[in-house]
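Here's a quick briefing to read with the model open.

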Amino acid sequence: MTLQTLLPKDIDDLAQRVIDENKAAGRKVAVAESCTGGLVSAALTEIPGSSAVFDRGYVTYSNEAKMEALDVPLDIIETFGAVSIACAWAMAKGALAKSKADVAVAISGVAGPDGGTKLKPVGTVVFARVVRGEEGEPEGELKKFEPTSRADIRREATVCALELLLP
């Protein structure tokens, strides 16, 4: 049986590292995805043995889904928007609270080609990571990817999210 992969080799290799290193660390992971639409979950579940590490993934594309599935407060979305570190933090915290995971990563962004604004142009993606038992603010990061294409932005966001899942 030849090994065929669904996703590009760099994403497969990184997902393999996420599974291997988290398994070695005894950690389970969860993801809350918006603009990546399940690509991070797909990358992780492409790896044989991923069930030892990957607890669950949420694809919360709409604001309603973020609020209903992850308990993101409406005032965060109204005040800061869905593409904000505050929203990504709330998504990550919700994913961690509703899972058995030790770490959760959230991704929300503007993949384009439409939907960008002056403050949040196409290519703006926010990430947050929350680790169970750690005190203080979760980690958050805003990145601005070069808006070459929707696919490129989603791919780069997937790579960043996988990197955040490494122990």
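This is a predicted model: local features need pLDDT of at least 70, side-chain atom pairs count only at pLDDT 80 or more; totals for chains, interfaces and linings use all residues.

Residues are numbered from 1 along each chain as its sequence is written, and side-chain values use heavy atoms, with hydrogens and water left out.

**Salt bridges**

- The count comes to 7 salt bridges, taking a salt bridge as a side-chain nitrogen of Lys or Arg within 4 Å of a carboxyl oxygen of Asp or Glu.
- One of them joins Arg-155 to Asp-10, with 3.1 Å between the closest N and O atoms. This pair ties together distant parts of the chain, 145 residues apart: Arg-155 sits in helix H6 (residues 150-164) and Asp-10 in helix H1 (residues 9-25). Helices here are DSSP runs of H or I with at least four residues, strands are E runs of at least two, and both are numbered from the N terminus.
- Arg-155 is partly exposed at 33% relative accessible area, and Asp-10 is partly exposed too, at 39%. For reference, buried means under 20% relative accessible area, exposed means over 50%, and partly exposed is in between (1.4 Å probe, protein chains only).
- Another pairs Arg-56 with Asp-55, the closest N and O atoms being 2.6 Å apart. Arg-56 comes out partly exposed at 29%, and Asp-55 is partly exposed at 23%.
- Lys-98 and Asp-71 also meet through their side chains, at 3.4 Å from N to O. They're 27 residues apart and link distant parts of the chain, with Lys-98 in the loop between helix H5 (85-97) and strand S3 (103-109), and Asp-71 in the loop between helix H3 (63-70) and helix H4 (74-80).
- Lys-98 is partly exposed at 33%, whereas Asp-71 counts as exposed at 52%.

- 7 of the 7 residues of S3 are buried, so the strand is largely enclosed by the rest of the structure.
- Val-103, Val-105, Ile-107 and Gly-109 point one way from S3, while Ala-104, Ala-106 and Ser-108 point the other way.
- Strand S1 (residues 29-33) runs parallel to S3, joined to it by 5 bridges; strands count as paired if DSSP finds at least two bridges between them. Look for Val-29, whose bridge partner in S3 is Val-103.
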